[in-house]
Amino acid sequence: MRTQRWVVLLLFTCVLSICGAFSQAQQKSESPKAIKPVSHVSTSDDSSRLPVRRVVLYKNGVGYFEHSARVHGNQDLAIDFTTAQLNDVLKSLTVVDLGDGRISGVRYNSIAPLDERLKTLRLPFGEQVARTDFLTAMRGSRVEVRSKGETASGCLLSVEQEERTTDSGTTYHVTDFSIMTDSGEMRNFELGPAVSLRLAERDLSQEVGHYLDLVGSSHARDLRRMSISATGSRGRDIFVSYISEVPVWKSTYRIILPEKAGEKPLLQGWAIVDNTIGEDWKDVQLSLIVGAPQSFIQDISQPLYARRRIIPLPESAMLTPQTHEATIHEATIKEEEAPPVVQTEVVNGVVGGVGSGSGAGVGSGGGMGGGVFRPGTTNQPSASPRPYEQMGMASKSFDRLEQYSNLQKAPYAKPQVPGAQAQDLGDYFEYNLKQSITIGKNQSALVPILNSRIEVEKVTLWSAIGGQRPLRALWIKNASGLTLDSGTFNIIDSGTFAGEGLIETVHPDERRLLSYAADTAVRVTAESEFKDQPVSHVRIAKGVIFITREQRNKMKYTVRNADTAARQVVIEHPVREGWKLVESNKPEETSASHYRFRIAVEPSKTGELTVEEFHPEQTTSQLTDLTDNQVEVLSVENRMTPALQQAFRQVLDQKNVVAKLQSEIASRQQELNGINRDQARIRENMKALKGSVEEKALLQRYTKQLDSQEDRLSALNKEIADLQQKQAQEQQKLDDLVQQIALDESF
């Protein structure tokens, strides 16, 4: 019995040992591989990788990335970017130490533009160098030349291009160069395949090699490594976020029509996601947002050089002695007006003014150099507050950051059902994938975002605009509860491909027509009938008459179904500005540019649909401008009511009174003008009689006639004045009359 107990105890001990070993191995495998705790400040060689935890992709080609990791003590974390990504990162980077530590610095390797780096060379070379330019830059240097088995050494003297002509008249260019040998002999060579030239100066050869290295480095892999230094004592979490340029994610859908009656069609939604940031996405939380927040590109990762003006030296440096005027009054500078003395101190290699108030930094530290410094303190930074305390915000503003404590404890512990959780974000809409995904760098993936039953009706669609061919279409109702992003779709019907098309954004419970194939069994023709209608409405108000007429248009659609199955045909009738449907025509739905009418057509039958519209056309005129012709037109169209007839008669009668007075005034004015012309003629005759025999007799006659005309002129002026006064009174009566008339007659 005792032996059996020992055996059982031994077996139990072995099992515990195996379980313990397995548990340690599992914990080791589940611990973050990219983070290695250290107790000292790490160098760039042992920097730890900062893994991606969350990715949010937008429709405008930008992505929002979140990294998080557990650190211990002082540690450097590294993220690799390209130059294009680094520009976005620098203007959006957020680094927060979620524990008691701080972010002491963020560094990245700076690369000056190639043209600036080439300026450091002695050789005046650009990125593109021709052979002639190279030789011209080498003038005065020692070279060795080999040509046709002979060797010559000396200093390069000149480089020239010559134009030569062949026997056939063809022109070509050659490059000739000359060297001055040590013996003082000038030798000429033509640069060609049989001639080689070697630089004999070691320093110059090294300079050319340096130039080639710089040009070659511009074609190397574009890699910019950012190092984030976290300083602290205990274990804590580091949070990093930024935006970066990424490919636009695309939506694509599958609509599977059921083969059995009673089943609802299945809608599958997929998102095409591309990982081009140069880093693997391993078990990341992915969100896809339908929206395009404002974003822009600015090249701030490249060093910026200010272009300074070149001031020429003076031609003569010799100075001429001169005298200066003596001082008359001397200004006294008060102590309080003296220029301030600026004290500076060097903090981690950065010179700044003491007492500036705060440091500009990233993360929980007060500055990029590590902390906020005050006057009179040592070089050790004071204890820095939490990031949200520095910004005057409550800690609940970082609720998103607090989620990472749970993320580190169990980052994707529970398996979830594939799909996406959707929610509105103001002007945007988000697909939040329920399950974490893994996409390697420079790889793409088809991510499921939707799998739901929807309501679908199969119809034939025909639009009157353009007279296009009838199309097979689905009239869907989005019963998925999610907003469908714009993208492509294809239809699976009867177990095979039936067609594909494009879909715009569809909100929950919204109906949408999706066409996917041509319907060759349906033909549609349209006939139009247009006519003007009589006056339908007359309104008089404040001296203005409004007359409304109607234009009528009747469109007759004839639909022929040559198939052996019935068709539900949807006719799209255009919506025209100012035109309205008659009450008897009610469309099934209306879009921004179409009325949609439904007509059922039996197999091998013809159906008809009539759409009637009216266009009210209103004319406006002053009631005082009313004419007998307008009244006659209304009478002919049988649109003259007793009230209108009475009102029009009053206006016309009063207008006749005013017109009669105006006629009398015009008649007297005409007579007055005739007398004035006759008097002018008489006066001219009187001037011509001077010195003649008949002067006396004719003057008496003309004078008597002028006296008679003057009496008539006085009478005419008085009559005209009286008539004008009476006309004004009658015109005022007409104006008051039309203002008092108010009628509204419909027919």
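**Strand pairing and salt bridges in the predicted model**

Strand β25 (residues 487-493) is joined to β26 by 7 bridges, and the two strands run antiparallel; helices (H or I, at least four residues) and strands (E, at least two) are DSSP runs numbered from the N terminus, and two strands pair if DSSP finds at least two bridges between them. The model is predicted, so that local features need pLDDT of at least 70 and side-chain atom pairs count only at pLDDT 80 or more, whereas totals for chains, interfaces and linings use all residues. Residues are numbered from 1 along each chain as its sequence is written, and side-chain values use heavy atoms, with hydrogens and water left out.

Within β26, Gly499 is the bridge partner of Ile491. Both β25 and β26 belong to an open sheet of 5 strands with mixed pairing, in the order β22-β15-β14-β25-β26. The edge strands, β22 (443-453) and β26 (496-503), each pair on one side only. On average, neighbouring strands of this sheet are turned by 20° against each other, direction ignored (axes are lines fitted to C-alpha atoms, for helices over the stretch in contact, and angles run from 0 to 180 degrees between N-to-C directions).

The structure holds 34 salt bridges, each defined as a side-chain nitrogen of Lys or Arg within 4 Å of a carboxyl oxygen of Asp or Glu. One of them links Arg234 with Asp100, with the closest N and O atoms 2.2 Å apart. This pair connects distant parts of the chain, 134 residues apart: Arg234 is in the loop between β12 (224-231) and β13 (235-245), and Asp100 is in the loop between β5 (94-97) and β6 (102-108). Arg234 is exposed, with a relative accessible area of 56%, and Asp100 is exposed at 53% (buried means under 20% relative accessible area, exposed over 50%, and partly exposed in between, with a 1.4 Å probe and protein chains only).

A salt bridge also forms between Arg187 and Glu150, whose closest N and O atoms are 3.2 Å apart. Because Arg187 lies in strand β10 (residues 186-190) and Glu150 in strand β8 (residues 150-165), the pair ties together parts 37 residues apart in sequence. Arg187 is partly exposed, at 24%, as is Glu150, at 47%.

In the salt bridge between Glu457 and Arg598, the closest N and O atoms are 2.5 Å apart. Glu457 lies in strand β23 (residues 455-463) and Arg598 in strand β33 (residues 594-601), so parts 141 residues apart in sequence are tied together.
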